[in-house]
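Hi,

Here is the structure I promised to pass on. Have a look at it first, and my notes on what turned up follow below.

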Amino acid sequence: MNRHIIPMATAAFWIMGFPGLAGHGLGQEQTLSKPAAADVQSHLGVGQIRMDGHIGRRMSDCMENLITAWDQNRIIDPFRYKTDSRDDQWRGDYWGKWFTALAWGYAHQPTLGHRQWLDRAVYDLLAAQGPDGYIGTFEGDMRLVGAYDVWARQCTILGLTAYYDLTSDPSVLEAACRSLDCLIDELKQRNLRLADLSWPRFMGLAPSVTVESGALLYQRTGRQKYLDFAEQIVAQWHEPGQVAPNGLRLVEDALAGKPATEIGYPKAYEQMYCFIGICEMYRATGQRKYLDAAAALAKNIREEELFIIGTGSEGENWFKGRTQQTRIVFNPGETCVTTHWMYLCWQLLRLTGDPVYADDLETSLYNALLGALLPDGHWWGYYDGLLGERVPSWVAQADIGLSCCIVSGCRGLMLTPFWAVMQTAEGPAVNLYFPGQAETRTASGGKVLLEMATDYPHEGAVRITVKPDQPETFTVALRIPAWSQKTTLKVNGEDHPVQPGTYAKINRPWSSGDQIELTLDMQTRVVEAPDGKGQLALQRGPIVLALDDRFVPMEPSTEIELDRNAATLAELKPSPQAAQQAGTWMAFEVPFLVNGAPKMLTLCDYSSAGNRWSKTNRFRTWLPQPLNLSTAYETGDAWHSAIREVAPDLQAERGVRLDDLALANKGATVTADSEYDKEPACTGEAIDGIIAGPWDFSNRWVSTLDTPHPHWIEVKLPQPARIGTIVIRFADPAGYPTSFQGIVRLEGRDQTVFDVEDYLNRNPRYYRADIDPVTTDTFRLIIRASANPAYANACQISEIELYSPAPPDPQPARTPGGCGIQADRLLFLGNSITLHPPAPQVFWDGNWGMAAGSEDKDYVHLLTNSLAALTGKQPRISVNNIADFERNFETYEIESRLREQLAFQPDIAVIAIGENVPPLNTAELQAGFRKSFTRLLQTVKKSGRPVIYVRSCFWPEEIRDNIMRQCCAEIGGLYVYIGQLGRDESMMARSERSYQHEGVAAHPGDKGMQAIADLLFKAMIAQP
C-alpha cells in the first residue's frame, strides 16, 4: 500500500504544537494548569520515533489490518441511535479505546491517511453530542443506571483529549469538557454519589475511573471545577456508600501495603484503571500519597500476581496468581489486564524514572501482549494462558463486532513508541532497544538523533549512533535490564561501567557520529516455579520460551527433562529454518533428556507458541520435571470452556449500518427459490447484519448447486418504506454473479430498479445502486449467471441492504493517498481570504485572496495547482466571495444568489467562511446560524454531489467553529481545522511586508496561504 508519510523533521510543524496523547502529559504547550508534579521522563513528539523490525511490523499490521480497517460507523452508531438499554451493556466503551489506539498509532506513523481517519472519527462522534453535552449510548432515563454509562463517558473523554493533544483544536477539548460538565450536572441534579453507580459486587470501581477525566481536563483547562470533581471522587472512596459499606479505601489500603486482592474489589482491569487516575491526581496536585499508593499497588502486583509472561488474573480478577500460574487457570491473563498493567507501569516510569517499570513493560510487550495478537494483526485473544491452545476473542456485541480486549490490545501495542525512548532533563533515555531512530533533545534544548542498529532480542548487541546538531555535553541514559548480569558498554571503543537494573548514564561531550556499543547478557535463565513444586521455565533475555506441538508433538510413553548440565543450555543455538517453517518469530535448540537420553528439542518464543490459533496447535510454558509428552498439552478444556461465539475469519468482516431497513431484528423476512442442502437455513443469513469475509463459509445465502440459473432471493419489510439505495454484498471468493437484476413491488406490479450485465469480479465485493426513491415493502434479487467455474449454478450472497435515500457509502474502498481523486471542477465559497477585489479604501489592489503577494500565492491557486500536479489535469475553478452570507445568514437567498455557482456542478466544494459572522452570543443566534449554514451545505451538496470540505476560521472562534464542524459532519462533509495558524504570528501578512491597513495586514500572508493550502490538500489526498 502506498502511504504518504510526513518526514520526521516536518511532522511536528504541520501538526502545530507539541503533540500528545490523552491522559499522558503530552501537549504541554496547551496545558493551562502547570503540573504540580512534573514527569521525570517525558514523551517524544509525533513522528519523532521510528520503530522498524519485529515490533514495528506488528504495530503496522495491527494499524492497517484492524484499527484503520474497522468500519467506524459500527462504533459510532450506538452514540447516534442510543442502542444500550440495560445496565449491563457497554457499547459506549469502544469508541474511546479504539480512537486512542488510532491516535497513538498515528503519532508513530503520521500518514495523511491516518490523520484523515482521526478527523472523521472525531467529527462523526461529535455530531452525536447532545445539546446538554451528553456523549453516550443510553436514552435519558437510562443514564447513570449502573456503572457503564459513566465508564463509557470516561473512555470517550480520553479519546477526545487525545485528539486535542494532537491537533490543538479547542472545539474538541470543549466538547470533552461539555461531556464532563453534563455528568457533573446530572449527578448534582439527581443527588447521586458517583461511587454508588455500580453493581454491589464491584464496589464502585468502574465509575470511579472517571477520576482520571477530572484530573486531565483540569490540567488542560485550569478549571478548578474539574479538580474539585476528581477530589470529590477520591473523598467518596474514604466514605461508606451503598455498594461499599466500608468505602473503597483505594489509597489508604494501598499505602498500608494490602495486597491487590484486598484493595476494594480485585477486578484487575478496573482497579488498575483507578490507580492510573491516581497518577494523574499526583500530577495535578503534587500530593505524594497518590504516587506512593500507585507504586505500592504496582509492587504488590509484580510480587504476587504476575505470571512469568507479564500478565495476570483469573476470570478477570486478581487471585495471587504468581504462585498459582503453573496450575490450569480458568480464563487466565485477560488482555485488558495486560494493557492496563502496562499503562500503569508507563505512568510510573514517567513519574519516577525507575527502570523497574521499563523492565516490566518490556516483559509484558514481548510475551503476554504479542502472544495475544493474531499473526496478521487483525484480531486479539481475550485471554492469554500458559498452556493449551490460543483462542480468539469472542464478539461481545454483534452490532459492533468487537470486545473490550480487542481495542485494549490495540492500545497496549500502540503505546510502545512512547516509552521506548523518552526525554529527561539531562537528555534522552533509551528504554527499549530496536532497529530505528529517535529524534530527541539535549539538556540545553538542542536536537540529537539516535540511530539504533540491532537484532535485539534475537541477539544482545546494540549499536547506537549519536548525532547532535552540534557538539555538546549532555547525558544519554541506557536501561540495563535487571536480568542482564554480564553487560558490556563501550563509547567510541572505551569501556563504561554498568549495573544491572539501573540506567547507564553517559555524560560526556558528544559529536555527530559517536558510537555506543551495548552488549546485553542473553544467556539462558532457568526459572524455578514460584510455588516450589519443581516446574521450570526458560527465559532468554526478555523472552519466555515455550514448547509447541509443531516442534515437540505429543508422544505416548515419552518423558522429557531439561538437561541442566548440558554446556549448550547457557548459549542456545538459534534455529531460523525451523522458525520459518513453523511460522514462529524465534526458535532455539534446547538440550533435553528424552527417556533419559540426551536430545536437542526445539522451543520457540512464547508469543509465537500456538500461533495457528487452533486446537491442532497447542503449547506449554511451565515444564514439570520430568514432563510426560502423552499429556503435555492437555488442559481439560478448562480455560476456554467459557469462550463462546469465537470470531471466525474477521480479517474482512464488517457489519452493516444500523439504519439498514432489511434487518431481521427490524422485522424483515427473507425467502429464496432454493438453498444449498448442506447449509440449511442459510437464506436468513442474508439479513442478519453480518458480512462474511472471503473465506467465511457462514453468514451467507448459497443457492442450490444443481439447478441452473436464474435463482432469486427476496426481502420483505414489515411495512412499506422509502428506499433510495440498495447494496448487495457478494460472498463467493471464486466468482461473483456476472448478471443480475433488482426488482421492487409497487402497488402489486414489479418494477426493475437495476439491471446489470458483465459484472465480472469487480472490486469492491459489493454492488451499490442509488435509485430514484420508491416506497415499497418488497425487493427481489434475481441472479442470471455466475462466474464461479467450480459451481456454475450456485450463487452466494452475504447481505442484502436497503436504505432510505442517500446514506453514506456502506464500505468505501480506500485508495492509497490521493490516487483516483476526482478534481475536474473546484468550487470555492469564501470571504476575503478566498477572494477580494481591489479596494482602494484599504489600500488593496489585488483581485485574489487577501493578502497574498500575488494571485498564484493565494491558497485557492496553490491548492488548485497541487491537485493539477496530482491528477495530471488542470481543474476548472469557480472562486466566490460570499461574505454577505456571513453577515446576513438569516436572510441570505442561497438558491438565487448562488444560481451560477450551483450550476457549475463541482466535484469538490471548499467552504471557507466564518470569520465575518457576527458574535453568536445567544442561543437564538447560534440556532439561526446552524440552520442557515446547514442549508448552505445541503444546497451545495445537491449541485452535482461534490465532496465538501469545510475549513475552520483562520482566527479561531470556538462557537462558530464548533457549529460549522457539526453541520459538516451531519451532511457527510470533511472538516479541516486551521485555527492553529491564526495563533502563529509568522502566518500573518504583516510578518512578511508592511501594509497601510491593519485589517489587511492581519490576513494570512504567503506563508499562511501556503499552510492553508497544504492542510486542505493533505485532507483531500487522504480522503478514501
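Let's start with L936, which touches L829, I882, F885, I894, L898, I911 and I913, leaving out residues up to four places away in sequence. Contact here means heavy atoms within 4.5 Å.

Before going further, some housekeeping: this is a predicted model, so local features need pLDDT of at least 70 and side-chain atom pairs count only at pLDDT 80 or more, while totals for chains, interfaces and linings use all residues. Residues are numbered from 1 along each chain as its sequence is written, and side-chain values use heavy atoms, with hydrogens and water left out.

Back to L936: together with W95, W98 and F933, it touches the most other members of the largest nonpolar core, which has 251 residues. A nonpolar core is a set of buried Ala, Val, Leu, Ile, Met, Phe, Trp, Tyr and Cys residues joined through side-chain atoms within 4.5 Å. Buried means under 20% relative accessible area, exposed over 50%, and partly exposed in between (1.4 Å probe, protein chains only). The biggest contribution to this core, 12 residues, comes from helix α12 (residues 268-285). Helices (H or I, at least four residues) and strands (E, at least two) are DSSP runs, numbered from the N terminus. Apart from this core lies another, of 41 residues, including A852, A912, V1000 and L1016.

Next, a helix pair. Helix α3 (residues 72-81) packs on helix α4 (residues 93-108) at about 140°, with the axes 8 Å apart. The axes are lines fitted to C-alpha atoms over the stretch in contact, and angles run from 0 to 180 degrees between N-to-C directions. α3 and α4 are therefore oblique to each other (under 35 degrees is roughly parallel, over 145 roughly antiparallel, 65 to 115 roughly perpendicular, the rest oblique). On the α3 side the contact is made by Q72, I75, I76 and F79, and on the α4 side by Y94, W95 and W98.

Finally, two partly exposed residues. R993 sits in the loop between β35 (974-976) and α25 (998-1001), with a relative accessible area of 31%. Beyond its neighbours within four places in sequence, R993 is in contact with A851, G853 and D1006. D884 is in helix α20 (residues 883-887) and has 37% relative accessibility.

Cheers
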